[in-house]
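Hi everyone, thanks for coming. Let me put the structure up, and then we can walk through the ligand site and a pair of helices.

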Amino acid sequence: MTLKSITANQLSFVPNQDFVNQANINLQKFNELNKKAQDNYELYWAELAREKIDWHKPFNSVLNQKKAPFFTWFEDGQLSISYNCLDRHVKNNPNKIALIFESDNGQTIKVTYKELLSKVSQFANALKAINVKKGDRVILYLPHSIEAIVAMHASARIGAIHSTVFGGFSSKALADRILDANANVLITADGQHRGGKAMSLKTEVDAAIELLGDKNPIKHVIVDKRINDGKCNFVALRDIWWDDFIANKPTECTPEFMNSEDPLFILYTSGSTGTPKGVQHSIGGYLLGGILSMEWVFDYKDNDIYWCTADVGWITGHTYVCYGPLAVGATQIIFEGVPSYPTYSRFWEIIEKNKVTTFYTAPTAIRALIKAGADLPKNHNLSSLRLLGSVGEPINPEAWKWFYEVVGGSRCPIVDTWWQTETGSNMLSPLPGVQPLKPGSCVAALPGIMAAIIDESGNILDKNNTGYLVITKPFPSQLRTIWNNPDRFISSYFPEEIGHGKYYVAGDSAYLDNDGYFWILGRIDDVLNVSGHRLSTMEIESCLASHPKVAEAAVVGRPHEIKGESVFAFVVTKGGVRPTGEQANSLEKELRDWVGKQIGPIAKPDEIRFGDNLPKTRSGKIMRRLLRSIAKGEEIIQDVSTLENPSILEHLKNKI
Ligand code: WTA
């Protein structure tokens, strides 16, 4: 999103009256909530936490700032998130459908709340039987599935800390996470179905454990039989099939009541250095953020059929698939496949078939669907839809308008939700019955979230300015720390350099327009956003540099029509001889595969350019802004006088 495209799109979409009349939050309630939060911040949160969560032991302490920025919320309260997501609904409405699983090949499986509770309890009992206890870490490496939800809830039910690793990550990335979390148990599947193909997952697990060698902490690997191709390798005493693991285990399990501040999960995400950060969330505050946003942003109603397309391996799949929807008792779709299989109508078929009311997806998917078949939604009855959502990156106004008109029939508000792995739940978003929408803007902070933009010295900026996006007050769903690395928590989110450590610094820059609407402009650090996934340029650089033929590498982002941004790498080979022609093509392929293997296919560079050297200042710093211009194919108009070796620019500009 550029300032130019913003000013060109000031058109407002006023919420339609029918929607406003039934909305959970209208303008009056919105103003009341904001006033309450302004007048007495702690009381505001305490009342919401008491109203929305079933506490096993009520809390007295609301926000504790003594160890700032390690804030705590509701710390003397006790609860079970599993109880809040399952048992309390089973009491009222046991036969309500919780999950509608749409498999890659079109098979549908429905699971009621009662059935889900039994599955979770049985799996929890099986985990207990292998001695998994409160506080132990459990790694999940599973496809988007009922089993993934069961395993996450089962861990939570007994107080274990889960860390879900996206199934698209490589064995090396999995190994790093196993080691950092020091987990003894890993839950996986033999493989996964996507786009009509069966792919192995277990081979990655075996490779990860092999890579860890003597350092491997994993003692048990539980394997869901998903593709059943007869090829799954089993290690005696370590590996067990899911069905054998739960066999004969009781289907009732009393939940472990936890302290509100106990860790719920660790989710690794990319930062500006080479190693991923283990973002650690707590229980009570995280749950509250999930529930409030389901009710306020997604305007959740009992008869909704809700569908968030995110994979459970990402934060959106945690908050808006695994926990938030279940906490409010929703019926939701879990889709195993991809939007293009068997045809680009798959999303529209699923919406029509299940009468989906609420559809939450990512701009990259929207752009791909426009390109593949902008007219396809018209062949389907999408009249059940009443609300649309977008997440992960700025949505360009053209994609917004198509989503609004063609998918939503110009009837459904779009909630453009800005948030992060670290914030746990939506932070900035329109409330659909409250503010007029502007395509491409995520509008305003949710009531109680104190968002602002600041300059370098930490001054809060007024409207019509661009600055660093910050949250000025602690909020319940924010991360508590970085697993094993509290110093990195402080330096990443409460840095001295920006805002003097006083505010939560999101790492994004934003523009606040004249109406007080927020427009996210992009990251301020070396993090790329490729198809809504966060990737660290440093991580890809160090991966490339670890290849035996590579001396040095620099990675930048290049704007991409569908992915938003793509990975573009500049590489200097060892020995200093720049490969050309066929040699360059084959090395490019080798390096792309290398990155795919070391990190995962999502991190593969789209293009690699080889040079004798990289453009550096005389003090040896790589001039990234030049590399960004080259990647974009722009004319270099910057001053290159500080460049030590200007001639190499010519090499890098040309693909050979
Ligand atoms: C970006 C995903 C613009 C942003 C939930 C943020 C967005 C990063 C939006 C977090 C949005 C997320 N508009 N940009 N609606 N939502 N982002 O941790 O740069 O995977 O910092 O969490 O995605 O990515 P993460």
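A polar contact here is a pair of N or O atoms within 3.5 Å; within protein, one must be able to donate a hydrogen and the other to accept it, and residues adjacent in sequence count only if both atoms are side-chain atoms. This is a predicted model, where local features need pLDDT of at least 70, side-chain atom pairs count only at pLDDT 80 or more, and totals for chains, interfaces and linings use all residues. Residues are numbered from 1 along each chain as its sequence is written, and side-chain values use heavy atoms, with hydrogens and water left out.

So, what touches the ligand? A nitrogen atom of the ligand sits 2.7 Å from a backbone N or O atom of T417. At G392, a polar backbone atom is 3.1 Å from a ligand nitrogen. R534 uses its side chain: one of its N or O atoms is 2.7 Å from a ligand oxygen. The protein buries 96% of the 530 Å² that the ligand exposes when taken alone (Shrake-Rupley method, 1.4 Å probe).

Now to the helices, which are DSSP runs of H or I with at least four residues, numbered from the N terminus. The axes of α11 (residues 284–296) and α12 come within 9 Å and cross at roughly 80°; axes are lines fitted to C-alpha atoms over the stretch in contact, with angles from 0 to 180 degrees between N-to-C directions. The two helices are therefore roughly perpendicular, a label for 65 to 115 degrees. With contact meaning heavy atoms within 4.5 Å, residues of α11 including Y286 and L287 meet a set in α12 that includes H318 and Y320. Thanks, all!

Terms used
Parallel < 35°, antiparallel > 145°, perpendicular 65-115°, else oblique.
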